[in-house]
Amino acid sequence: MKQALAILISFFLLSSIINAKTAVDHLLTENMSNPVGLDNATPRFSWQLVSEERGVSQLAYAIRLAKTPDGLKKESALLWSTGKVSSSQSVHVIYQGDKLKSDTRYYWQVKVWDQNNKASAWSEPAWFHTGFLNPSDWQAKWIAATKQDINQASPLFRKEFQLSKTIKSATLFITCHGLYEAFINNKRVGDAFFTPGWTAYNERLQYQVYDVTDMLHNGENAIGVVLGKGWYRSNMGYNLKLYKNDISLLAQLEVTYKDGSRTRVISSSDWKTATGGIIDSEVYHGETYDARKEKANWASPGFDDSRWEPVVEKNYPFENLVATWNEPVRKKEVLPAIKHIITPNGDQVIDFGQNLVGWVQMKVSGKAGDQVKIYHAEVLDKDGNFYTDNLRSAKQINTYILKGEGVEFYEPAFTWQGFRYIKIEGFPGEIELDHFTAVALYSDMPLTGHFACSNELLNQLQHNIQWGQRGNFLDVPTDCPQRDERLGWTGDAQVFARTAAFNFRTNNFFAKWLQDLTAEQENGDVPVIIPHLGGNVAGCPGWSDAATIIPWTMYLAYGDKKILEDQYISMKGWVDHITNVSGDDDLWIPSWSFGDWLFYSLNDDRSGESAITDKSLIAQCFYGHSTQLLIHTAEVLGKTADVEKYSTLLKNIKAAFLREYVTRSGRMVSGTQSAYVLALHFNMLPEELQQQAAARLVDNIRKYKTHLTTGFLGTPYLCHVLTRFGYNDVAYELLLQKTYPSWLYPVTMGATTIWERWDGIKPDSTFQTPSMNSFNHYAYGAIGDWMYRTITGIDTFEEEPGYKKIRIKPQIGGDLTHASAALKTYYGKIKSSWKLENGKLYFDVEIPNNTTAEIHIPARSRAEVTEGNTALESAAGVKIVGEASGVVLVETGSGKYQFISKM
């Protein structure tokens, strides 16, 4: 009986496996789900295969596209049908159908054939909506208030209009000089903030597109828009220079009726303007809102605008208008107030428990004219008082003036702050915690990465890395979010790019920013801040190399060949610029340089030598690295002539490096950690000198009692170099070091984000120099890349990037007893998790469908490894490749695996 039952169960299990079909899901167009406003004439499609079986891969696919979901089922209505295409590609498949039309919605779906040539069902339809594909599509006029004064209140613009038929669809195209919030029939349009974003405005001004069909109705309607200064008209940068001198609006509403006819509402001279409650708003200084001056229901039909003024039309260009590529800034995490503090100075302070970027929502009741001021700070000083010296000239103050009508609600519109604490002045009545709520705002990049381990300090470090990215990826990769800076520093962005791409999907975020980098180049030279704030363009080693490093990093992380195609001229221009300013001896001696920014020095009150690295040595290393990345890119793009040309250049660069900066015995002219790290990581040394250089690096680390001394440029690669050359134990020691300077020192001091300086708060609880002491500065969080790729071992192959082929190679060390990481890729989730228990290693791996993996299992021999309860040799879907040096190497397809080995 038992035997018969077992046979029956086996039959049903086998039948379910045989009959199981692969499904298709997670359809993306240009890396987004159902995007509105694409101006790409050849968008790219991606999808995931869904199956619980092992070894699932794609043998072929078919895509079909139509203007309606029902049209997908009718051959005559299809605008594009690929038929069955023999290919494993499921990411970034390029549209090759008929020419797309502006302001049109297209639906598409896909089916696949798996490794057994079994077809899936057609996926559920996905869709995308095009933007304006031709400049002539714009019929709207630029409009502005008659008076343009830097101190003017935020202008309101409105227009009433009649719609006479039943509406099928309606789309709003809108942008501005400054920032905008739009309303239709008194409801806010969309959930994006700080639109149209920050770009190289002269060359690239983004517009946004919204589906507003459900906001309109047959009859009277109204549209209203309020503008703020934003990046466009605020005093930005070190010299607090006014970027531009106007704020203006461009809006076009396209309406299609069910009978097929169309109508259009455009910004033009028949709009009206006034001012409302926003008296002032600045990026650095905050916002003042006078609720007594707000105009209730001003974006509703029937509002009395008889006292409003006419607008003026402006002759501003349309040629620089581009659709929005990246995810907009949205409201994200909401944090309650956790503590009400009365400081020794008598200030009323609220603690939200987390350093964040966004703003505070307030509920308040009082008399008309009562004025509440909200100040923002990242830290309290050693005495517990509110500390803002590190903000420099940035005020970070939001002011609300009550209208005196019941419980009033306030949050800003056109400013944001970096803070953990707020100080409140003028609040009427008793302050309660539920009067205040903090809201995080940042670019709405999908969260993709997870890391956790047995060391709680490392878990907090990972928390800090992710929150540092949240706060500083606000439309551009800023250096800091609180003081009078908040700029797109290229050096910070490039050192952190690989870590950033693990934690969040940054593909579109960086693709947009790199277009601005290209726009700001002059004769190949790259500014250190993007968008550039004007003045001379003067590139800098390690900063301007973002032009080559970030495109290649995005290619590795996402398999995005287009980003290499788009940036190739820029990458080549930067390398050619260095060559042009270098001498006949192939040495780049920069006219200026930040060097290894914020390296450890004697001024930091620690015994030993300052870790000063020769700036020209650094420059030569980055010259070589950028040239190598250009060669890799040329190989990917099939530019064989450039491969040959720049390969010759690279040989000359390395030869010059050896002549100038390395003795015959292999000693560097700068004996710092950063000097050896850069030379080794960028392969500037011949193979015979590499191992001794790594030994010298370790000697230097021991000299500083196992502390790092690297700055912005050396830090990202330090542990990678140690692991690569056999010093993984030293890498772990550095990572787990708790005293200054180290990654965990700020954690022990209560940090909730990454600091700008290793000792922003010193051991005696005093502060570093306030002129440069941000407590939310993500660059040193670049160690995350080593944690993910070494502790848990998740990596991709350069030959099949974007995790099409995956390497899982954990290297266990330190005092860790378990570690786990997961990464959501375009193919699906990768997971690597291990734990040590009772003399055994339990190693769990998950590989997404339509990928393959090379897995390095820590074990003495294959005989000591099982997959679940099965001997490794017999494990389904597992191929043993070899074993050496305490590792058993296997290859797998997709699926979930548990490897158990003796330790």
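## Basis and confidence

The model is predicted: local features need pLDDT of at least 70, side-chain atom pairs count only at pLDDT 80 or more, and totals for chains, interfaces and linings use all residues. Residues are numbered from 1 along each chain as its sequence is written, and side-chain values use heavy atoms, with hydrogens and water left out.

The average pLDDT (the predictor's confidence in each residue, from 0 to 100) is 95 for the protein, and 97% of the residues score at least 70. Residues 4–19 have a pLDDT below 50, and this stretch has two contacts in the model beyond near neighbours in sequence; a contact means heavy atoms within 4.5 Å. Residues 604–608 also stay under 50, but the model has 13 contacts for them beyond four places in sequence. Where pLDDT is low, the predicted coordinates should not be read in detail.

## Sheets and strand pairing

Helices (H or I, at least four residues) and strands (E, at least two) are DSSP runs, numbered from the N terminus. Two strands pair if DSSP finds at least two bridges between them. Strands of a sheet pair through backbone hydrogen bonds, either parallel or antiparallel.

Seven strands form an open sheet with antiparallel pairing, in the order β37-β42-β43-β44-β50-β46-β47. At its edges are β37 (449–453) and β47 (870–871), each of which pairs on one side only. Within this sheet, β43 (residues 829–837) and β44 (residues 840–847) run antiparallel and are joined by seven bridges; K835 stands opposite Y842 in β44.

An open sheet of three strands, also with antiparallel pairing, has the order β1-β3-β7. Because β1 (23–29) and β7 (93–94) each have a single partner strand, one side of each is left without a neighbour in the sheet. Two bridges pair β3 with β7 in the antiparallel sense, and R44 stands opposite I94 in β7. Elsewhere, β21 (residues 272–275) is joined to β11 (residues 155–163) by four bridges, the two strands running antiparallel. Two bridges also pair β21 with β24 (residues 309–310) in the antiparallel sense. T273 of β21 stands opposite F157, and its bridge partner in β24 is E309.

## A salt bridge across the sequence

Side chains of opposite charge can pair when their charged atoms come close. The structure holds 42 salt bridges, each defined as a side-chain nitrogen of Lys or Arg within 4 Å of a carboxyl oxygen of Asp or Glu. One of these joins the side chains of R44 and D560, at 2.7 Å from N to O. R44 lies in strand β3 (residues 44–50) and D560 in the loop between α6 and α7 (561–581), so the pair ties together parts that are 516 residues apart in sequence.

## Backbone geometry

Most residues other than glycine have a negative phi, and most peptide bonds are trans. The loop between β14 (187–188) and β15 (205–211) contains P196, which is joined to T195 by a cis peptide bond with omega of about 10 degrees. F194 is found in this loop as well, and its phi is positive, near 60 degrees.

A cis peptide bond also joins I530 and P531, with omega of about -5 degrees. P531 is found in the loop between α5 (507–520) and α6.

## Pocket and cavities

On a 1 Å grid over the protein atoms alone, a cavity is a set of points where a 1.4 Å probe fits but cannot get out, and a pocket is an open set with protein on both sides within 12 Å along at least five of seven lines; lining residues have an atom within 4 Å of a point. Grid points are joined across faces, edges and corners, and a volume is the space filled by probe spheres set on the points.

The largest pocket holds about 1,200 Å³ of space. It is lined by 36 residues, of which R498, H681, H720, R789 and E798 are the closest to its centre. Among the elements that give two or more residues to this lining are α4 (490–503), α8 (615–637) and α15 (783–791), while α12 gives the most, with six residues.

The structure holds four cavities of 30 Å³ or more, and the largest cavity has about 90 Å³ of space. Residues lining the largest cavity include R505, Y558, Y803 and K824. The elements that give this lining two or more residues are α6 (546–558) and β42 (818–824).
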